[in-house]
Amino acid sequence: MTRRHGYALLAALAAVVVLISCGIFALTGLSGGDGAARAGQQGRGDGGQHGGGDGLRPAASKRWIGTWAASPVGPEPRTPRGLAGHSVRNVVHTSIGGTSARITLSNRFGDEPLLISHASIAVAADQGAPAAAPGTMRSVTFGGRPYVIIPAGGSVVGDRTAIQVPYDGDLLVTTYSPRPSGSVTYHPHARQTNYSALGDHTEDMSGGGYRMRTNNWRYLTGVDVLNADADGAVVMFGDSITDGITSTVNANRRWPDVFSDRLRAEAGAPRYGVLNQGISGNRLLSDNRGPSGLSRFEADAAGRPGVRAVVVLLGINDIIAPPHESDPGRIVAGLRELVRQGHARGQRMIGGTLLPFGGHPAWTKEREAVRGAVNAEIRAGRVFDGVVDFDGAVRGAAGAGVVRMAPEYDSGDHLHPSDAGYRRMGMLVEWSLLRGGAGASAVRS
């Protein structure tokens, strides 16, 4: 029997299992280790109870550190039956490398149990390409099994998989679902081309079957690595400006990418993984596009593995999108609540000032006054442990009193930066702000 026929048989058997026992899985999850699926939360095993993809325990001196992440936003439109019979190949760009990896898959916005009968991870042969580099394809297991059932609203962490993960490189994470499973949990506006193929092409090295393309990340919400030299991770928590919505596709020019490059290049910088948890259109105080910043902070930021610090840039959509928030005190209170949650986990909380949006259709003098009042509290050091003055930086040489981004930093919509603007932001963040305890305020502008 060929490997592919074996997987097809396994998928058929697994489909029978799910029809009989998906209710049991939804209530109890899978038992033990990284392969545990839990409704509404992420499993956080040590990667070694079941041996993982290589049958080995991680060394006691090593711990999991996030190298890539994306926040689940909602159910993907026009996927009421999921992607049954399709392989989904996500391309993700790492920040730090490691000797092993584990993946997190989410069915948070699905309305039925999701059966993943086959999953793999590999290093991409070329940047953004669906083909795998020779010798890097690895199958992924869950609690020692090659398949997993993720209950509606739940997520799962895969076992440890032995693979040499590169710094600043692309990984291919592929899943195959053989049966309808309800809406796909996704992250839109990825600024990264991802792929799908009809049939089980999970371990296809050439990528030749991946003829369908999308700008969405599907199911995958995190990749962690084992790296004995890493100091931890920093989360960039925000909206479309952190998500990098106007940056060049497939070029990794979001401002968190720029900052990640600096951590590798600059002497004395902490060895941190950089996790981009921006959602385009996201609000701080209420659900809009994706859950509100307040409701998702624990899952998307504070609770991610190895997080030592969080950089927050959130609140502009509360001001410019209906219902418009006219009370700056409510936004400041929401930011302080994020700080409280981060401090409860011992994390350093850094805040960015809200960028100017003069010239955008939503701009009014009243909304500009709200933005200014929020920024005044942030700059005064009464909200965060440290401050990065993104607002002042992207206004350029024009300085105070100007309500627009400088032309060289403006993508043209007067709200989101260009590649040059994102670079200015990424170069502005002083990595020394990420170190130390709570309460020592500093401003970088």
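The model is predicted: local features need pLDDT of at least 70, side-chain atom pairs count only at pLDDT 80 or more, and totals for chains, interfaces and linings use all residues. Residues are numbered from 1 along each chain as its sequence is written, and side-chain values use heavy atoms, leaving out hydrogens and water. Helices (H or I, at least four residues) and strands (E, at least two) are DSSP runs, numbered from the N terminus.

**Largest pocket**
- The largest pocket holds about 240 Å³ of space. A pocket is an open set of points on a 1 Å grid over the protein atoms alone, where a 1.4 Å probe fits, with protein on both sides within 12 Å along at least five of seven lines. The volume is the space filled by probe spheres set on the points, which are joined across faces, edges and corners.
- Its lining has 23 residues, and Trp68, His93, Arg254, Asp257 and Asn276 are the closest to the centre. Lining residues have an atom within 4 Å of a point.
- Strand 2 (64-69), strand 4 (86-93), helix 3 (255-265) and strand 19 (272-278) each give at least two lining residues. Helix 3 provides the largest share, four residues.
- By class, the lining has nine nonpolar, nine polar and five charged residues. Ala, Val, Leu, Ile, Met, Phe, Trp, Tyr, Cys and Pro count as nonpolar, Asp, Glu, Lys and Arg as charged, and the others, Gly among them, as polar.

**Helix 6 with helix 7**
- The axes of helix 6 (residues 328-344) and helix 7 (residues 365-379) come within 9 Å and cross at roughly 40 degrees. Axes are lines fitted to C-alpha atoms over the stretch in contact, and angles run from 0 to 180 degrees between N-to-C directions.
- Helix 6 and helix 7 are therefore oblique to each other. Angles under 35 degrees count as roughly parallel, over 145 as roughly antiparallel, 65 to 115 as roughly perpendicular and the rest as oblique.
- Pro328, Ile331, Val332, Leu335 and Arg336 of helix 6 contact Val370, Ala373, Val374, Glu377 and Ile378 of helix 7 (heavy atoms within 4.5 Å).
- This contact of helix 6 with helix 7 has eight nonpolar, no polar and two charged residues.

**Helix 4 with helix 6**
- Helix 4 (residues 293-302) packs on helix 6 at about 20 degrees, with axes 10 Å apart. That makes helix 4 roughly parallel to helix 6.

**Backbone**
- The Pro322 to Pro323 peptide bond is cis, with omega near -5 degrees. Pro323 sits in the loop between helix 5 (316-320) and helix 6.
- Asp168 is not a glycine, yet has a positive phi of about 50 degrees.
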